[in-house]
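Subject: Structure handover

Hello,

Here is the structure we talked about.

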Amino acid sequence: MALLRTPEPVLGSHAPDFTLADGEGRRFTRDGLLGEKGLVVMFICNHCPYVKAIRARLVRDCRELIEMGFGVVAINSNDGAAYPEDSPRRMVELAKEFEYPFPYLVDISQDVARAYGAVCTPDFFGYNHQLELQYRGRLDAGHAGPRTAGMQHDLIEAMREVAQTGQGPIIQQPSMGCSLKWISARV
């Protein structure tokens, strides 16, 4: 497991378009997922210990983001053949088990991850209603541990600012996690 940090964001860049399916074959588009206030796109997977550590609070925070008026989507771009726990079938099981309030989509070609510049799981991108990047960072400071009292809720606080002003914070903390599992023939 290689620990990576996300690179500095290019704030204001436009969200790449996509059409992806979930593990059951239902198709979703970027524009169809856009909420009144904007869109949060996250790259996660099933097997990463960093994602496993934040899963419960990720669901709670995403429910809050949806209530704020944001569309929320999770994308799994990992090589599901090399990492069977990240297969579409397993994605469906985990989404049901943890009651994901957002679509959990599979990026089999890994083209969407490349277009967004995703590097790790988890990797969070927050866009305003014009689909301009306003946040790229972590969920919170918990990384692979629990959220503690007084811990800043980076994603929630950033997106609250986006909802109110259309812009995210100047200072952003990078997300950290496992590297995306690229299909070896394409790397």
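Predicted model: local features only at pLDDT ≥ 70, side-chain atom pairs only at ≥ 80, totals over all residues.

Two rings of Phe, Tyr or Trp count as a pair if their centres lie within 6.5 Å.

The aromatic rings

By this rule, the protein chain has 7 aromatic pairs. One of them joins phenylalanine 43 and phenylalanine 125, with 5.8 Å from centre to centre and 80° between the planes, and it is edge-to-face. This pair links distant parts of the chain: phenylalanine 43 belongs to strand S4 (residues 38-43) and phenylalanine 125 to strand S8 (residues 123-128), 82 residues apart.

Phenylalanine 125 also pairs with tyrosine 116. Their ring centres are 5.6 Å apart and their planes stand at 75°, so this pair is edge-to-face as well.

Which residues make up the cluster? Phe18, Phe43, Tyr116, Phe125 and Tyr127 form one aromatic cluster.

The chain as a whole

The protein chain has 5 helices and 10 strands. Its C-alpha atoms fill a box of roughly 40 × 35 × 30 Å along the principal axes.

Why can the chain be described as a compact globule? For 187 residues, a compact globule would have a radius of gyration near 16 Å, and the protein chain has 15 Å, which agrees.

Of the 187 residues, 53% count as buried. Among contacts with a separation of 6 or more, 77% are between residues 24 or more positions apart. The pair of phenylalanine 43 and phenylalanine 125, 82 residues apart, is an example of distant parts of the chain being linked.

Surface and charges

The protein chain exposes about 8400 Å², and carbon and sulfur atoms supply 52% of that area. There are 20 positive and 23 negative charges, and the mean positions of these two groups are 4 Å apart.

Regards

How values were computed
Residues numbered from 1 in each chain as written. Heavy atoms only, no water. Helix = DSSP H or I, 4+ residues; strand = E, 2+ residues; numbered from the N terminus. Rg over C-alpha atoms; globule rule 2.2 N^0.38 Å. Buried < 20%, exposed > 50% of the residue type's maximum accessible area, 1.4 Å probe, protein only. Contact = heavy atoms within 4.5 Å. Areas by Shrake-Rupley, 256 points an atom, 1.4 Å probe, with all protein chains shown as cover. Lys, Arg positive; Asp, Glu negative; His and termini not counted. Charge placed at Lys NZ, Arg CZ, Asp CG, Glu CD. Phe/Tyr/Trp six-rings, centres within 6.5 Å; stacked < 30°, edge-to-face > 60°.
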